[in-house]
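Here's a quick tour of a structure, with an eye on strand pairing and charged side chains. Have a look at the model first.

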Amino acid sequence: MAPIELDIPSFAVNQLSLLAAELAAETSQNALLLSTHSPRTLSRAGLAITNLTLSSQRTGLGGKTVLELEQDSAIGAEELGEHGIRVGDIVRVGQQPKGGEKKAEKKSIEEKGLEGVIVRVGQKVVQIALDKEGDEGDGLGGRLWV
């Protein structure tokens, strides 16, 4: 059997369009999950890590700000618990909404979050490189969630 000739440019264009479609599907699915479920429900499903505090902040590769988050010491647990967040995942870091807040207040808190990429996940800490060079974790305080 003769080898099949592969047109590399058309293959690359096809792969890029498939990746774009996959990204759009995941983005819409995550937006739906975030708008319909609480952080606690997402945490139980392994899609979020709650009750985090900012333990350190440094400048990483390429001038990106890297946040190191650990479990809040007031919770009592040292480890993060089970979750499905892995290195390379695109995440949003934001203040954890309180139970008694109204929907409008929760929405404004969610919009203030910072987006980044998971750099390292350990048993006790998670490190996130923020996407935009101007982003810093200065506005983050209190309990956070990813």
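## Ground rules

Strands here are DSSP runs (E, at least two residues), numbered from the N terminus, and two of them pair if DSSP finds at least two bridges between them. This is a predicted model, so to speak of local features takes pLDDT of at least 70, and side-chain atom pairs count only at pLDDT 80 or more, while totals for chains, interfaces and linings use all residues. Residues are numbered from 1 along each chain as its sequence is written, and side-chain values use heavy atoms, leaving out hydrogens and water.

## The S1–S2 hairpin

Strand S1 (residues 52-59) runs antiparallel to S2, with seven bridges between them. Leu52 sits opposite Gln71 in S2. Five residues separate the two strands of this hairpin, and Gly62 in the turn has a positive phi of about 70°.

## Two salt bridges

Searching the whole structure turns up two salt bridges (a side-chain nitrogen of Lys or Arg within 4 Å of a carboxyl oxygen of Asp or Glu). One joins Arg143 and Asp72 at 2.8 Å, N to O. That pair ties together distant parts of the chain, 71 residues apart: Arg143 is in the loop between S5 (125-130) and S6 (144-145), Asp72 in the loop between S2 (65-71) and S3 (90-95). Asp72 is buried at 12% relative accessibility, whereas Arg143 is partly exposed at 36% (buried is under 20% relative accessible area, exposed over 50%, partly exposed in between, with a 1.4 Å probe and protein chains only).

The other links Arg92 and Glu115 at 2.9 Å, N to O. Here Arg92 lies in strand S3 and Glu115 in strand S4 (residues 114-121), 23 residues apart. Arg92 is partly exposed at 35%, and Glu115 is partly exposed at 37%.

Key
Helix = DSSP H or I, 4+ residues; strand = E, 2+ residues; numbered from the N terminus.
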